[in-house]
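Welcome, and thank you for opening the viewer. Keep the selection tool at hand, and we will walk through the structure one stop at a time.

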Amino acid sequence: MPGNGGPVVFALANQKGGVGKTTTAINLGAEMATRGVPVLIVDLDPQANSTAGLGLSGQTTTVYDVLINQQPMAGAVIDTVQERLKIVPSGPDLAGAEVELVPAMAREQRLLRAIDRLGGDFAAILVDSPPSLGLLTLNALTAADEVLVPVQCEYLALEGLSQLMTTLEAVRNNLNHHLHLGGLLLTMYDARTNLCQQVADEVRGHYDETFQTVIPRSVRLSEAPSYGLPIGQYDGRSSAAKAYGALADEVIEKFLPSFASRAEAKP
Ligand SMILES: Nc1ncnc2c1ncn2[C@@H]1O[C@H](COP(=O)(O)OP(=O)(O)OP(=O)(O)O)[C@@H](O)[C@H]1O
Ligand SMILES: [Mg+2]
């Protein structure tokens, strides 16, 4: 946790592709915002799926300008359809950043420094990262207080997690001493399959940090990004919307307790 009263920075990380990092950035962010938390998503993935999923593709100023040209992050922050949820968008030029950063000074600290200079508008920052453990993800982990790891409920779900944990340990030793494993999140959970239940038990057996909330497999959730909407606005009564709401409650209670009482005060 930051000692200076600054935002809690969460990195969504898993080098495995398609496990729900982006879906979680958008929908956890939106549900936290609904509960009164001012949230900033930083789209640190050249695929720009968080940006597109909120209907905001094609921005001229992006996270590339912040990381590579070291422009102030505040100038790249834009509004979303969700009140209290803002985003620093990504775009295709970010693909070059992974290479352009290699010879750069303090290459792993670019995002951290940009966030440090951002000022106090946000209580939480969610950094969506690409499916690799390259320099972009290292920037996310160096800037983060808490790592959130979405894990898809499927065969070999634990495979790759040990590599991720080794990377977290290396970052902790070399770049960011207070990096903490905030939690693992089971995604695309299908209660009808034994495999899913087994995977969930196995992940919980290995990692005490696993969130109680599981995110169900949901067609509505996969449809929402094409409308540029978080699930709460696309179909607020869906099981997926309720699950991301429950996750937001858990995350707020654990990491942003000053907002918890306000959430409870709601009818
Ligand atoms: N709970 C879910 N139920 C059904 N579909 C889902 C669910 N979560 C995510 N998806 C879909 O699965 C795909 C991958 O999800 P998402 O983009 O969030 O993963 P990711 O980890 O960000 O992927 P990448 O590694 O490529 O960035 C998307 O098409 C998304 O809409
Ligand atoms: Mg993604």
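**Stop 1: the ligand**

Start by selecting ligand 1 together with its surroundings: 18 residues surround it, and the closest are Lys 21, Thr 22, Thr 23, Pro 216 and Ser 218. Please keep in mind throughout that this is a predicted model.

Next, colour three elements: α1 (21-34), β8 (210-216) and α9 (219-223). Each of them supplies at least two residues of the shell around ligand 1. Which element gives the largest share of that shell? It is α1, with three residues.

Now show the backbone atoms beside the ligand. A backbone N or O atom of Val 19 sits 3.0 Å from an oxygen atom of ligand 1. Move on to Gly 20, where a polar backbone atom is 3.0 Å from an oxygen atom of the ligand. Then pick Ser 218: one of its backbone N or O atoms lies 2.8 Å from a nitrogen atom of ligand 1. How much of ligand 1 does the protein bury? Taken alone the ligand exposes 630 Å², and the protein buries 81% of that.

**Stop 2: salt bridges**

A search of the whole structure finds 10 salt bridges, and we will visit some of them.

Select Lys 16 and Glu 154, whose closest N and O atoms are 2.9 Å apart in a salt bridge. Lys 16 is in the loop between β1 and α1, while Glu 154 is in the loop between β6 (146-152) and α7 (161-174), so this pair ties together parts that are 138 residues apart in sequence. Lys 16 is partly exposed, at 28% relative accessible area, and Glu 154 also counts as partly exposed, at 25%.

Go next to Arg 220 and Asp 235, a salt bridge with its closest N and O atoms 2.8 Å apart. Arg 220 belongs to helix α9 and Asp 235 to the loop between α10 (231-234) and α11, so the parts tied together here are 15 residues apart in sequence. Arg 220 counts as partly exposed at 33% relative accessibility.

Another pair to display is Lys 86 with Asp 79, whose side chains meet at 2.9 Å, N to O. To finish this stop, select Glu 31, Arg 35 and Asp 249 together: they are linked in a network of salt bridges.

**Stop 3: aromatic pairs**

The count of aromatic pairs comes to two. Phe 10 is in strand β1 (residues 8-12) and Phe 255 in helix α11 (residues 239-255), so the pair joins parts that are 245 residues apart in sequence. Are these two residues buried or exposed? Both Phe 10 and Phe 255 are buried.

Now pick Tyr 227 and Tyr 234. Their ring centres are 5.0 Å apart and their planes are at 25°, so the pair is stacked; the cut-off for stacking is under 30 degrees. Tyr 227 counts as exposed, at 54% relative accessibility, whereas Tyr 234 counts as buried, at 19%.

**Stop 4: a surface patch**

Finally, switch to a surface view and select Tyr 155, Leu 156 and Leu 195, which make a nonpolar surface patch of about 320 Å². Leu 195 lies in helix α8 (residues 194-206) and counts as partly exposed, with 38% relative accessibility.

Conventions
Residues are numbered from 1 along each chain as its sequence is written. Chains are lettered from A and ligands numbered from 1 in the order in which they are written. This is a predicted model: local features need pLDDT of at least 70, side-chain atom pairs count only at pLDDT 80 or more; totals for chains, interfaces and linings use all residues. Side-chain values use heavy atoms; hydrogens and water are left out. Rings of Phe, Tyr and Trp (its six-membered ring) pair if their centres lie within 6.5 Å; planes under 30 degrees apart count as stacked, over 60 as edge-to-face and the rest as tilted. Helices (H or I, at least four residues) and strands (E, at least two) are DSSP runs, numbered from the N terminus. Buried means under 20% relative accessible area, exposed over 50%, partly exposed in between (1.4 Å probe, protein chains only). Patches are made of residues with over 30% relative accessible area and no salt bridge: like charges are joined within 9 Å, nonpolar side chains (Val, Leu, Ile, Met, Phe, Trp, Tyr) within 5 Å. Accessible areas come from the Shrake-Rupley method with a 1.4 Å probe; for residues, only the protein chains shown count as cover. A salt bridge is a side-chain nitrogen of Lys or Arg within 4 Å of a carboxyl oxygen of Asp or Glu. A residue is near a molecule or strand if one of its heavy atoms lies within 4 Å of it. A polar contact is a pair of N or O atoms within 3.5 Å; within protein, one must be able to donate a hydrogen and the other to accept it, and residues adjacent in sequence count only if both atoms are side-chain atoms.
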